[in-house]
Amino acid sequence: MGIVYQPNESFSYFASYSESFTSNYANNSRTGELVNVDSREGQQFELGMKASFFDELVNFNAAVFKLELDNAINGFDAETGNPVINGKEESEGFEFDANIQFAEGVNMLFNYAYIDAEITESLVNQGNTPLGVPEHSANLWLTYELTEGDWQGLGFGGGINYLGDRYIDAANSFELGSYATADLTAWYHFDIGSGKQLRLQAGVKNLTDREYYQASQGTAFDINVGQPRTYYASVAVDF
């Protein structure tokens, strides 16, 4: 449930509360046997503001939140392979994002999140940080698209993605280091008749071929290397 208050066309304020219920099951990381545990329950509170200026050319969203989870699976025991269940986890933080059009066809997208997460009830991990939760994360993208002339629909973009330090398990054995990757892309779209558009796109992910690591199953034996420099191209028809 939620409530929104809009005192004028530029600002609106909102508050929300939600509950979640998810069946908890996982496969033992060693034997593959299905393990059933108590269902995960969650409660989230959020309070925020949205602002828009200059005929929606400048848009901001900001929110503070608090999330509580009961019976959360937080990785797997290194010896038994069974899922690690925490009695309760709490996360609170701040989110901010902006969408700004500086000039015709020139846009900037930015978002940032701060999360302070803690395992507040656990037989073995109380006071630790849940696995895979970075304290800081952010993304910045700049794009430019021609909006008139013979090459209308041609666009270029580039961005930086940042992810902070994260623990690999609920025991906080060690952290995976922070990293930033850069991406580039270009596209061209044009009408092909009957209200359809053809869109061509190509780009490169992780431009600098930065080496980074991603934990997947929450054990020191299952840490994946991040995606290396990757080139891609696509063709799509929009109806």
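Trainee: Hi! Which residues make the nonpolar surface patch of about 250 Å²?

Mentor: Hello! That patch is made by L47, V64 and F94. Keep in mind as we go that this is a predicted model.

Trainee: Thanks. Where does L47 lie?

Mentor: L47 lies in strand β3, which covers residues 34-53.

Trainee: And is L47 buried or exposed?

Mentor: L47 has a relative accessible area of 52%. The cut-off for exposed is over 50%, so L47 counts as exposed.

Trainee: Let's go on along the chain. What is the phi of F54?

Mentor: The phi of F54 is near 55 degrees, a positive value in a residue that is not glycine. Most residues other than glycine have a negative phi. F54 lies in the loop between β3 and β4, the latter being residues 58-76.

Trainee: Is the F54 side buried or exposed?

Mentor: F54 is exposed, with a relative accessible area of 63%.

Trainee: Which other residue has a positive phi of about 55 degrees although it is not a glycine?

Mentor: D209 has one. D209 lies in the loop between β12 (196-205) and β13 (213-215). With a relative accessible area of 38%, D209 is partly exposed.

Trainee: Switching to rings. How many aromatic pairs does the count come to?

Mentor: The count comes to eight aromatic pairs. In one of them, the rings of Y5 and Y13 have their centres 6.5 Å apart and their planes at 25 degrees.

Trainee: Why is the pair of Y5 and Y13 called stacked?

Mentor: Planes under 30 degrees apart count as stacked, and the planes of Y5 and Y13 are at 25 degrees, so this pair is stacked.

Trainee: How accessible is Y5, and what about Y13?

Mentor: Y5 is at 53% relative accessibility and counts as exposed. Y13 is at 36%, which makes Y13 partly exposed.

Trainee: Which residues do ring pairs link into a cluster?

Mentor: F60, F96 and F110 are linked into a cluster by ring pairs.

Trainee: Nice. Which ring does the charged end of K50 sit over?

Mentor: The charged end of K50 sits over the ring of F14, 5.9 Å from the ring centre. K205 gives another example: its charged end sits over the ring of Y232, 5.5 Å from the centre.

Trainee: While we're on charges, how many salt bridges does the count come to?

Mentor: The count comes to one salt bridge. The side chains of K66 and E68 meet in a salt bridge, at 3.9 Å from N to O.

Trainee: Are K66 and E68 buried or exposed?

Mentor: K66 is partly exposed at 31% relative accessibility. E68 has a relative accessible area of 17%; buried means under 20%, so E68 is buried.

Trainee: Okay, strands now. How do β6 and β7 pair?

Mentor: Strand β6 (residues 106-121) and β7 pair in the antiparallel sense over nine bridges.

Trainee: How many bridges join β8 to β11?

Mentor: There are 10 bridges joining β8 to strand β11 (residues 179-193), and these strands run antiparallel. Y162 stands opposite A180 in β11.

Trainee: What do β11 and β12 form?

Mentor: They form a hairpin with two residues between them, and S194 in the turn has a positive phi of about 60 degrees. Nine bridges join β11 to β12, which run antiparallel. D191 has Q197 as its bridge partner in β12.

Trainee: And how do β12 and β15 pair?

Mentor: β12 and β15 pair in the antiparallel sense over nine bridges. The bridge partner of Q201 in β15 is S234.

Trainee: Last one: where is the place of V237?

Mentor: V237 is in strand β15, residues 230-238. With a relative accessible area of 39%, V237 is partly exposed. The C-alpha atoms of V237 and I73 are separated by 41 Å, and the two residues are 164 residues apart along the chain.

Definitions and conventions. Residues numbered from 1 in each chain as written. Predicted model: local features only at pLDDT ≥ 70, side-chain atom pairs only at ≥ 80, totals over all residues. Heavy atoms only, no water. Phe/Tyr/Trp six-rings, centres within 6.5 Å; stacked < 30°, edge-to-face > 60°. Buried < 20%, exposed > 50% of the residue type's maximum accessible area, 1.4 Å probe, protein only. Lys NZ or Arg CZ within 6 Å of the ring centre and 35° of its normal. Salt bridge = Lys/Arg side-chain N within 4 Å of Asp/Glu carboxyl O. Patch = residues over 30% accessible without salt bridge, like charges linked within 9 Å, V, L, I, M, F, W, Y side chains within 5 Å. Areas by Shrake-Rupley, 256 points an atom, 1.4 Å probe, with all protein chains shown as cover. Helix = DSSP H or I, 4+ residues; strand = E, 2+ residues; numbered from the N terminus. Pairing = 2+ DSSP bridges.
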